[in-house]
Amino acid sequence: MRVPVDWLREYVAVPPDASGLDIAASLVSVGLEEEGLHGGGVRGPLVVGRVLTLEKEPQKNGRTINWCSVDVGDANGTGEPQGIVCGAHNFVEGDLVVVILPGGVLPTPQGPLEVSARKTYGHVSAGMICSERELGLGDDHDGIIVLTRRFADDPDALARCVPGADALTLLGLDRETVEVNVTPDRGYCFSVRGVAREYGHATGAVFTDPVADLATRVPPPSASGYPVELDDDAPIRGRAGCDRFAARVVRGLDVTAPTPGWMRTRLTEAGMRPISLAVDVTNYVMLGLGQPLHAYDLATLGERIVVRRARRGERLTTLDDVDRALDPEDLLITDGGETPIGLAGVMGGASTEISATTTDVLLEAAHFDPVTVARTARRHRLPSEASRRFERGVDPQLAPAALQLAVELLVEYGGATAGDEVTDAGSVLPPQPITTDLAFPSRIVGVEYDGPTVVGVLEAIGCEVLVDGTSLVATPPSWRPDLTTAEDLVEEVARIHGYDRIPSVLPTPPGGSGLTHAQRVRRTVADLLAAQGLFEVWGAPFVGEDRWADLGLDVAAERARTVRIANPLSDEQPWMRTSLVSTMVDALRRNVSRGAKDVGLFELGLVTSRAGPQRSAPTEDVGVRPDEATLAAVRDAVPPQPRHVGLLLTGDRDRAGWWGAGRRAEVFDVLELVEALAEALAVEVVVTADAVLPWHPGRCARVSLADGTVLGHVGELHPKVVAALGLPARTVGGELDLDALTRAADRTVTARTLATYPMAQSDVALVVDRSVPAAQVRAALVAGGGDLLEEVRLFDVYEGDQVGEGHRSLAYRLTFRSPERTMTTEEVSALRDAAVAEAARALGAVQRA
């Protein structure tokens with residue numbers, strides 16, 4: 001909302017020395033954020049000049065410039081004409097133009113530009129002949145301002161256009177306009193009246209309501225008033241689309257009468273283009289008071305106006321000459337109930353607009369339902385100044401006063417006569433009182449507001465306040481439809497008393513708190529994987545059935561263990577994911593498509609793992625805390641959502657360089673990451689071969705805890721899965737249940753004293769059946785090796801003729817260490833033999849010679 005400062009001064013006592021910046025700062029203090037300041041950027045000398053001579057001079061670059069001699073009166077101190085170079089061609093000798101002389105300052109996007117005499121095109125140009133854009137009056141830069149044309153309809157201004165006269169005042173460039181951002185709940189500030197009221201709250205300046213004076217001159221409704229019928233048979237939310245429709249008749253209007261210059265200036269400063277007297281008056285009243293008006297050519301209307309909802313198949317050509325198909329929810333202004341002549345609160349129809357033959361006018365000032373207007377404006381993609389105000393809430397008591405101001409302006413400047421026909425149809429519901437207690441603002445805001453302060457603020461914004469002990473009943477004013485709850489009143493108390501008076505106090509955390517165990521685990525896992533060169537990603541947890549099919553999963557089984565979203569963001573992804581890998585592949589594919597060849601990704605996120613039927617959660621009214629039984633039912637309806645950690649690797653794990661060839665990522669790299677996680681969390685994991693989709697059956701491993709709890713799987717993606725998803729060949733990855741890992745890590749780990757005695761190593765090769773996993777052999781060696789066995793590491797696997805068909809040789813290095821002394825060879829050999837004996841007993845292993 002753009003508010004001309006001189007217009008603001010008519011409604012509130014702004015100090016004479018207050019600048020636009022001062023006013024904006026005051027409005028910010030009550031919640032009206034500054035959007036910009038306009039005007040005041042041009043500093044003199046800016047004067048009227050008359051072009052005495054004009055010589056056209058072609059240039060080598062193809063341009064033609066004008067070498068002008070311009071009479072600027074005594075403004076240059078000599079009385080001699082100024083020589084000025086100008087590149088525009090829309091003026092001739094004798095025209096009155098605007099000239100900025102050396103020493104003047106023009107606003108530019110790069111900052112203020114001081115004009116000086118300078119040599120250009122072979123001449124010394126002592127100033128500039130200005131265009132609208134150079135002065136900040138508009139966007140026209142194709143030609144300079146010709147005052148004889150600009151003020152053709154304003155004889156008073158034209159009479160002041162003499163060489164040397166001050167053009168700053170003439171063009172209103174000494175005036176400032178403050179632009180503020182109006183939030184949706186403050187619709188009354190879409191008017192100078194509303195902003196003036198807020199300025200009064202901010203500074204204590206006296207606010208003079210123009211409506212109060214106009215109300216004393218409003219005539220009562222007459223029996224001869226133009227008939228209006230409100231017939232809304234389809235109200236929204238039980239509220240009628242129009243609950244008040246006021247109208248006045250003006251006769252004998254001279255539609256050719258010019259809009260007065262002061263009104264044109266104010267409309268322009270407020271961001272609206274002057275059009276004609278009738279239209280300009282309705283816009284002026286709307287900007288000043290906040291009530292949208294509409295003017296009809298009375299000769300084009302029938303016997304009555306009916307406000308109703310649209311019927312199927314109806315159409316309307318609006319003022320912008322667009323033929324629109326109407327929706328049954330649209331609220332219409334109709335002629336006699338049959339012919340649509342306007343979209344209520346949005347835009348009028350072309351058939352009843354003011355024309356060159358209009359003499360009698362019907363002025364409308366109505367109050368429309370905000371929801372109805374907002375939906376109509378959006379449905380037809382037709383935002384208008386009227387709809388912006390109606391959808392935020394217009395004062396329902398404002399219509400008669402707004403009509404009175406419009407009638408008086410048309411009578412004064414259009415030679416019209418106010419008709420006796422006065423209509424005021426319908427009735428509006430009074431604002432509903434709000435009951436609270438005097439201490440409520442203090443409890444909510446955390447600042448002590450005494451009773452008189454609370455009452456004073458509410459009365460200042462227009463509420464009627466009754467106090468009974470500690471109870472307070474406030475009836476909001478008609479221009480504040482946003483005040484409906486006690487919390488709204490609290491916001492007003494805090495806003496008017498001053499946001500700057502609310503202290504900023506940093507909360508003090510209670511002692512002994514910090515990250516929970518689960519948070520520490522997640523941070524440890526993320527830090528470790530990032531340190532290993534992987535990048536963390538986040539994927540939306542929504543999938544479609546086609547993704548399960550691409551992963552080779554049983555679609556029916558996956559559907560049974562997840563939930564369907566009632567209102568999905570995409571109809572193609574209506575299901576919650578059951579695994580991280582199902583969504584991580586999108587991030588991997590996107591990175592690869594953008595040229596990344598060696599990629600490592602990880603994600604910590606939730607998956608859905610429902611065991612029983614999907615249940616619906618009960619609902620409660622907003623603003624009421626559900627009871628414990630309802631909360632328990634809500635929690636019970638939410639399916640289990642364990643947190644997982646997912647890994648995906650593709651390309652080279654060890655990159656190529658001057659040191660040699662690279663090495664592609666493989667399953668063992670993922671296993672290394674899993675073992676590193678287990679070691680960081682002090683959790684023992686067991687890795688065994690497995691075959692589950694979407695992993696390759698020969699390159700898949702199951703990861704379990706020592707007690708047999710399955711954490712997840714790692715492996716190489718199945719070739720069919722890779723092909724279906726468009727991923728690079730031999731992509732590897734894995735997914736583990738991070739919640740299960742967190743529970744397993746939630747124990748106290750006792751640190752061992754570091755042994756300072758030397759270790760002793762012994763290698764052993766065992767021949768076992770090919771089907772026996774290496775992990776079981778290692779476990780048997782650990783079980784038989786005793787407490788002094790520090791480490792068992794597999795370093796060689798052999799399959800061939802020397803071990804026989806269906807067998808393989810596994811070579812392990814056993815490391816022993818005593819915390820008390822150096823071990824002898826005999827002790828190490830005995831422990832090694834015990835370990836081998838246990839492997840032979842448990843698995844039938846035979847020591848290879």
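Modeller: The protein chain has 26 helices and 41 strands; helices (H or I, at least four residues) and strands (E, at least two) are DSSP runs, numbered from the N terminus. This is a predicted model, in which local features need pLDDT of at least 70 and side-chain atom pairs count only at pLDDT 80 or more, while totals for chains, interfaces and linings use all residues. Residues are numbered from 1 along each chain as its sequence is written, and side-chain values use heavy atoms, with hydrogens and water left out.

Biologist: What radius of gyration does the protein chain have, beside that of a compact globule of 849 residues?

Modeller: The radius of gyration is taken over C-alpha atoms, and the globule rule is 2.2 Å times the number of residues to the power 0.38. A compact globule of 849 residues would come near 29 Å. The C-alpha atoms of this chain fill a box of roughly 125 × 80 × 60 Å along the principal axes. The radius of gyration of the chain is 41 Å.

Biologist: Are helices α15 and α16 roughly parallel or roughly perpendicular to each other?

Modeller: Angles under 35 degrees count as roughly parallel, over 145 as roughly antiparallel, 65 to 115 as roughly perpendicular and the rest as oblique. Axes are lines fitted to C-alpha atoms, for helices over the stretch in contact, and angles run from 0 to 180 degrees between N-to-C directions. The axes of α15 (residues 451-460) and α16 (residues 486-497) come within 9 Å and cross at roughly 95 degrees. The two helices are therefore roughly perpendicular.

Biologist: Which residues of α16 make the contact with α15?

Modeller: Contact means heavy atoms within 4.5 Å. From α15, the contact is made by T453, V454, V457 and L458. From α16, the residues are L489, E492, V493, I496 and H497.

Biologist: Is D321 buried or exposed?

Modeller: D321 is found in the loop between β17 (315-317) and β18 (323-325), and has a positive phi of about 65 degrees although it is not a glycine. Buried means under 20% relative accessible area, exposed over 50%, and partly exposed in between (1.4 Å probe, protein chains only). With a relative accessible area of 62%, D321 is exposed.

Biologist: Where does P694 lie, and is the peptide bond from L693 to P694 cis or trans?

Modeller: Most peptide bonds are trans. P694 lies in the loop between β34 (685-689) and β35 (695-705). The bond from L693 to P694 has omega near 10 degrees and is cis.
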